[in-house]
Amino acid sequence: MIQVNDLHKKFGKNQVLQGLDLSIDNGGIFAVLGPNGSGKTTLIKSILGMVIPNKGDISVQGNRVKTKWKYRKEINYLPQIANFPGNLKVKELISMIMDLRQKPVDAEKLIAQFNLEPHLNKKLATLSGGTKQKVNIVLAFMFDSPLYILDEPTTGLDPNALIQLKQLLDQEKKNGKMILITSHILQFVEEVADEVIYLLEGKIYFKGSIADLRKKTGKDNFEHAIAAIASQSND
Amino acid sequence: MIKILKYSFYDLMRSRWSYVYFIFYLLLGFVLLFLNNDVSKAVITLMNVIIVLVPLIGTIFGVMYYYNSREFTELLLAQPIKRSSIFLGQYLGVAFSLTLSLVLGLGIPFVLYGLFGSNVIWDFSLLLVTGAFLTLIFTALAFNIAISNENKIKGFGYAVLLWLFLAVIYDGLFLMSLIILEDYPLDTFSLVASMLNPIDLSRTLILLKLDISALLGYTGAVFKKFFGTDFGLFVSIAILLLWTILPIFRLAYKANRKDF
């Protein structure tokens, strides 16, 4: 469904992606990992068409990202930092996004699941970081799309909301959705992810299941395995 | 695009500044009319205010709105919306709400004063039309500056400099060049120079419409001969349109190539 060929991106003098190839065809949860500045967000934003690559080709469901913006109808995106126009109310924001996307929605259930009812009439500027993230999650999950892209979904969530998020992910995975996640919380990744895509210096250094990763590095602990591939590459 | 326009417009209609701007023009209109008792003079005074103030407000509002709605823009970029629609929608939202404040703020006192009965209605309409053009032009220029500068302070600085240049410095340079080159025939030069700057062009258009060009001496006569005709008016409006459309095109072009 996602096909990335020879992707290059430079910000000023900083070469972030250099010849990245990626192809994902099946559903499941894919964790995009890598050290800070390895190009995770740039890769995600390139797939979304927010960052324009210097070279290379991306297609989502056979639509080339460069020319056909309508493919974004099939993507639900959760941005890394939940920043919304502050003078809108939560309710208004949700109905606005619904109006813009013109797709069937299931917002009530999600609002109840994340206990957002008491906040619906509050302005977004007055919400706490965690509550904003919950709104963010509702916005990302309320549409039924085949592809989900979640950039650090766990930021600021309390344990209860985290459990709800995991349930949501599980349920969407069972529905055959493809879910891309970036996260620095390895415990969370280990729990939810089917496959790991490890980025290093603008390329994919490792792609495979967590079991493969353990085998490759010879470490049983997931955290140590991730640390091991990072140091292997330094040798 | 219409949807983005709608939301930007609603957003601005809810903001206090739109009302401050509206009430300012409302008060200005009432004060000028009822203290002056002469519609023609009121139009001239208004012109002097509009020519300077409208570009300034357009520039500042445009830059401010762009930087303040950055997060919102990023949210929209991930939605299935064409990029250029997002930015054009926001631009038109700002430009329309400013134009509405101007037209309503000045229109209401003039209508209450009995404008339709007087024969200055055309002068007054021309004033509003140029005011609307100046709003569209300077808001577009402001958006251009903002989209090319990630740094807010720089963006604001360039925007204010642009306004200062077109509203004040340009005239100074123009006058100086007239003095330095006074030995040469300057009719065409001054005609072209005043057409290239939208602020000067608007001022000239209104002044000549008001039939006070006799005060401007020989050059005034040349100007009158050009701008007074239908052809002159047509060319002027065409140039104002160009000033509006070119920045809008650049905005759409830039928007399609920017990383967020």
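Predicted model: local features only at pLDDT ≥ 70, side-chain atom pairs only at ≥ 80, totals over all residues.
**Exercise 1.** Describe the hairpin of E4(A) and E5(A).

*Solution.* Step 1: E5 consists of residues 63-64 of chain A, and two bridges join it to E4(A) in an antiparallel arrangement. Step 2: A:Ser59 has A:Arg64 in E5(A) as its bridge partner. Step 3: two residues lie between the strands, and A:Gln61 takes a positive phi near 50° in this hairpin.

**Exercise 2.** Characterise the contact between chain A and chain B.

*Solution.* Step 1: chain A contributes 26 residues and chain B contributes 23 residues. Step 2: the two chains bury about 2200 Å² between them, with 59% of this area on carbon and sulfur atoms. Step 3: three salt bridges are counted between the chains. One of the salt bridges is formed by A:Asp99 and B:Lys3, whose closest N and O atoms are 3.8 Å apart, a distance inside the 4 Å cut-off. Step 4: ten residue pairs are in polar contact, both residues at pLDDT 80 or more. Step 5: on the side of chain A that touches chain B, E1, helix H1 (40-48) and helix H2 (90-101) each supply at least two residues. H2(A) gives the most, with eight residues. Step 6: by class, this side of chain A has 14 nonpolar, five polar and seven charged residues.

Conventions
Residues numbered from 1 in each chain as written. Chains lettered and ligands numbered in written order. Heavy atoms only, no water. Pairing = 2+ DSSP bridges. Helix = DSSP H or I, 4+ residues; strand = E, 2+ residues; numbered from the N terminus. Contact = heavy atoms within 4.5 Å. Buried area = accessible area lost by both parts, 1.4 Å probe. Salt bridge = Lys/Arg side-chain N within 4 Å of Asp/Glu carboxyl O. Polar contact = N/O pair within 3.5 Å; in protein donor to acceptor, adjacent residues only side chain to side chain. Nonpolar A, V, L, I, M, F, W, Y, C, P; charged D, E, K, R; others polar.
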